[in-house]
Amino acid sequence: MRIYQTFILILAMALPAVIFAGNHPLHISQGMIQAGPPNAQVLAGYMILENSSDKTIVITGATSPLFKQVEFHQTFTEGGMMRMRKQEQLSIPAHKKLILKPGSYHMMLINPTRSLQPGDQVPVTIKTSSKNSLTITLTVKLPDSGMQEHHHHH
Ligand SMILES: [Cu+2]
């Protein structure tokens, strides 16, 4: 009987830990992948990354089973030309947000394994330096159905 009671106690103590594990310090909202022309080899992903913890979160990369490669880029203007630069990592300070949006930081999804249509769901795993990865699902959307804020100059 004593052993049984101990077991119940351990179970009760373990439960909050399980709930906490699902509560990732990185919160991702308004995520989407912008639909491209048929057979586009590169698509852009946008989202809001929010760090709810007291420590800087460093994102070290991302993967998706539907793309050969996923990178983070920053768009910048050089000599009147829009260019993008690959970011090896993205840092989000404690309690701050990083907005991935057109004309700024964005996710670049390269070489899809199949053609993607608006409405398709794409799992993306975001890796952090704490080895605490987070998998999200991004929906492919037409450019005008995405974030409220638009910065299209094409
Ligand atoms: Cu890019």
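**View 1. Order of the secondary-structure elements.** Helices (H or I, at least four residues) and strands (E, at least two) are DSSP runs, numbered from the N terminus. On that basis the protein of this predicted model contains 1 helix and 10 strands, and along the sequence these elements follow the pattern α-β-β-β-β-β-β-β-β-β-β. Residues are numbered from 1 along each chain as its sequence is written. Because the model is predicted, local features need pLDDT of at least 70 and side-chain atom pairs count only at pLDDT 80 or more, whereas totals for chains, interfaces and linings use all residues.

**View 2. The largest nonpolar core.** A nonpolar core is a set of buried Ala, Val, Leu, Ile, Met, Phe, Trp, Tyr and Cys residues joined through C-beta atoms within 7 Å, where buried means that 20 or more other C-beta atoms lie within 10 Å of the residue's own, with C-beta atoms placed from the backbone. The largest such core has 26 residues, and those with the most contacts inside it include Ile33, Val70 and Val124. Strands that each supply at least two of its residues include β1 (26–34), β4 (67–78) and β8 (105–112), while β2 gives the most, with 5 residues.

**View 3. Surroundings of methionine 107.** Leaving aside neighbours within four places in sequence, Met107 is in contact (C-beta atoms, placed from the backbone, within 7 Å) with Ala44, Gly45, Ala62, Val70, Phe72 and Leu100.

**View 4. Confidence along the chain.** The mean pLDDT, the predictor's confidence in each residue from 0 to 100, is 86 for the protein, and 79% of its residues reach 70 or more.

Terms used. Buried ≥ 20, exposed ≤ 12 C-beta atoms within 10 Å, placed from the backbone. Contact = placed C-beta atoms within 7 Å.
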